[in-house]
Amino acid sequence: EAGASAAQPKRTASAPSGGSELVPAQKKRRRQSEAYEAARAEDLRNLDTTALPLSPTVIHPLPPFTLLLPHKTPFKPPRSDSCWNEAESGTWNIVYNVSPMRMYDIRAGTLNKLVEVLTTSPPFLKDMDAYNAFVAMFFTTYRAFADPMVLLDRIIERYYPPCWAGPALHERMSTPLSRIRYAVCKVLVHWFTEHYHDFTFNRPLLHKLRTFIHVESRAHDQAQSENGEGDDRSSIPVLRGMVLKKEKRGTYESMYDPSVIVENPLKPILPEKGINKDTTFMVLDDLEIARQLTIAEFHIYVQIKPVEMQNLAWSKPKLKHTAPNILHLINHFNTFSMQCVTMIVQASTLKERKVVIEKLVNIANHLMELRSYNMAMAIKAAFNHASVHRLKFTFQGLPKNTVKMATALHEALSTENNNQAIRATVSQAISPCIPFLGIYLSDLTFVEDGNPDFIHNGLINFRKRELEYIVIRQILAFKDRTYSLKLVPKITSIIDKLPLLTDKEIQQLSLKLEPRKAQKKDIK
């Protein structure tokens with residue numbers, strides 16, 4: 001103890017409160033720190049919020065942190081929620097799947113530790129793929145364990161090492177501050193560009209990000225003009241440029257709005273006499289019906305957000321408001337499937353029912369060619385409906401080509417062996433494509449119910465988020481390209497207005513068409 005206490009004064013003798021002389025490097029760092037503090041304080045005082053294109057909101061000030069340099073700032077006790085106050089890495093705050101050598105392969109951790117890894121770019125190029133995968137996984141799933149504003153606070157906090165920590169933290173830091181700041185800017189660019197809706201629906205979050213960029217851009221520009229060279233804030237202009245570019249471009253979803261004209265769309269196939277109030281579903285071209293079903297559903301599909309697939313939001317009354325597009329897609333599937341069932345049982349004669357089934361099989365075949373698997377599955381579900389499946393005389397004597405296509409449809413969309421056939425079909429598909437949503441929602445249910453949110457005395461179970469991310473990525477994998485199809489509202493209106501009977505009404509009609517133990521001669 002005596003040796004330790006004797007050694008301590010040497011460590012604190014160079015503190016600014018003492019009278020000892022600073023070495024040139026320390027003097028330079030102090031001048032830089034004081035200049036930065038002065039510029040930042042002036043920016044915050046003179047910040048013209050009217051120049052920012054924001055609705056009036058409360059400005060969320062940046063954390064009261066400065067560069068980690070000797071400074072005459074009064075001592076501030078560590079904050080319990082500070083990333084910089086987090087204990088050294090250990091099994092009490094981070095657990096790896098394999099070893100710490102694979103720092104981005106995390107099983108569980110505290111929020112502070114996850115943010116620390118998130119804002120630590122790899123020193124070697126060979127680790128960049130693992131880092132990028134971790135960043136994508138984190139921002140796709142973070143809403144299950146962190147509030148967006150809290151997360152932004154922690155990320156910005158990593159940009160400003162606290163002044164109360166003193167030079168001791170610099171000695172402890174294994175990652176240079178410049179690399180941390182580069183990583184902060186990189187993850188903010190990813191967050192803003194890949195998950196833009198987080199900011200469009202959260203104005204305070206957007207305002208805080210803009211304030212951070214505005215202040216740091218001024219500080220960077222001033223440092224560059226004074227020193228003639230960049231500093232460790234050199235990534236700020238990149239962040240500023242990406243935010244401006246993204247805001248001008250708008251949301252990815254807007255690219256698929258029905259009002260947007262797709263380049264060189266395929267010409268719609270319309271009836272010779274055009275579409276009028278007397279035009280029915282049965283006279284419309286089968287391929288064009290498949291196209292309209294596809295493009296109408298694609299407009300819903302591309303608007304699905306990752307948050308809609310977390311915490312089983314689509315199945316919980318209190319969370320359904322967070323999954324509007326998932327619910328819209330489910331309703332679209334169920335409605336069209338039951339409309340197909342209704343069309344079959346409403347055909348009063350055997351011949352008419354065969355014609356309806358042939359048309360639906362042709363439409364399903366075109367849907368498969370368009371890789372619109374969700375709607376193709378809706379037609380297959382209609383054929384498997386109990387009140388339709390029992391109509392054995394209706395399915396007898398169908399044309400060979402129709403039977404062949406129906407068999408291929410059944411095999412490609414088979415639900416046996418944990419939907420192995422459907423998974424294989426979708427895995428070989430290319431964009432644009434609409435996968436069958438049902439199997440992935442089932443996968444998410446297994447992930448959610450079979451894995452706790454927290455393990456190891458309260459650590460965030462990040463392995464669960466990895467499993468969740470794998471499924472979400474499969475669902476949203478085909479949003480990068482749109483179909484070269486033109487939405488024809490008159491056709492979609494005809495489809496939407498198809499009759500829809502209840503299960504009881506359908507069952508009664510089915511029994512009337514083909515009574516139990518009836519002979520073929522008894523069927524009209």
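**Entry 1: terms and overall picture**

Helices (H or I, at least four residues) and strands (E, at least two) are DSSP runs, numbered from the N terminus, and with that in mind I looked up serine 372, which lies in the loop between α13 (350–369) and α14 (373–384). I note that this is a predicted model, in which local features need pLDDT of at least 70 and side-chain atom pairs count only at pLDDT 80 or more, while totals for chains, interfaces and linings use all residues. Residues are numbered from 1 along each chain as its sequence is written, and side-chain values use heavy atoms, with hydrogens and water left out.

For the whole protein I wrote down 22 helices and four strands. Of its 524 residues, 48% count as buried, where buried means under 20% relative accessible area, exposed means over 50%, and partly exposed lies in between (1.4 Å probe, protein chains only). Among the contacts with a separation of 6 or more, 75% are made by residues 24 or more positions apart, a contact being heavy atoms within 4.5 Å.

I went back to serine 372 and found it buried, with a relative accessible area of 0%. Leaving aside neighbours within four places in sequence, I listed Thr294, Glu297, Leu367, Ile434 and Tyr483 as the residues that serine 372 is in contact with.

Threonine 402 lies in helix α17 (residues 400–412), and at 5% relative accessibility threonine 402 counts as buried. With the neighbours within four places in sequence again left out, threonine 402 is in contact with Glu358 and Val361.

**Entry 2: helices α5 and α7**

Two packed helices are described by the angle between their axes and the distance between the axes. I looked up helix α5 (residues 148–159) and helix α7 (residues 177–194), which pack at an angle of about 155 degrees with their axes 8 Å apart. That makes α5 roughly antiparallel to α7. Here axes are lines fitted to C-alpha atoms, for helices over the stretch in contact, and angles run from 0 to 180 degrees between N-to-C directions; angles under 35 degrees count as roughly parallel, over 145 as roughly antiparallel, 65 to 115 as roughly perpendicular and the rest as oblique.

On the α5 side of the contact I noted Pro148, Leu151, Leu152, Ile155, Arg158 and Tyr159, and these meet residues of α7 that include Leu177, Ile180, Val184 and Trp191. The residues of this contact divide into 12 nonpolar, no polar and two charged, where Ala, Val, Leu, Ile, Met, Phe, Trp, Tyr, Cys and Pro count as nonpolar, Asp, Glu, Lys and Arg as charged, and the others, Gly among them, as polar.

I also checked the length of α7: at 1.5 Å a residue, its 18 residues should span 26 Å, and the end C-alpha atoms are 25 Å apart, which agrees. The expected span is 1.5 Å times one less than the number of residues in the helix. Among the buried residues of α7 are Arg181, Cys185, Leu188 and Phe192.

A disulfide is a covalent bond between the sulfur atoms of two cysteines.

Leucine 500 lies in the loop between α21 (489–496) and α22 (503–513), and is partly exposed, with a relative accessible area of 48%. Leucine 500 and cysteine 340 are 160 residues apart in sequence and 8.6 Å apart in space, C-alpha to C-alpha.

Proline 515 lies in the segment after α22 and is partly exposed, with a relative accessible area of 40%. Beyond its neighbours within four places in sequence, proline 515 is in contact with Arg390 and Ile523.

**Entry 3: backbone angles**

Most residues other than glycine have a negative phi, and most peptide bonds are trans. I recorded a cis peptide bond from serine 431 to proline 432, with omega near 0 degrees, and placed proline 432 in the loop between α18 (416–427) and α19 (437–450).

Asparagine 417, which lies in helix α18, has a positive phi of about 55 degrees although it is not a glycine, and at 61% relative accessibility asparagine 417 counts as exposed.
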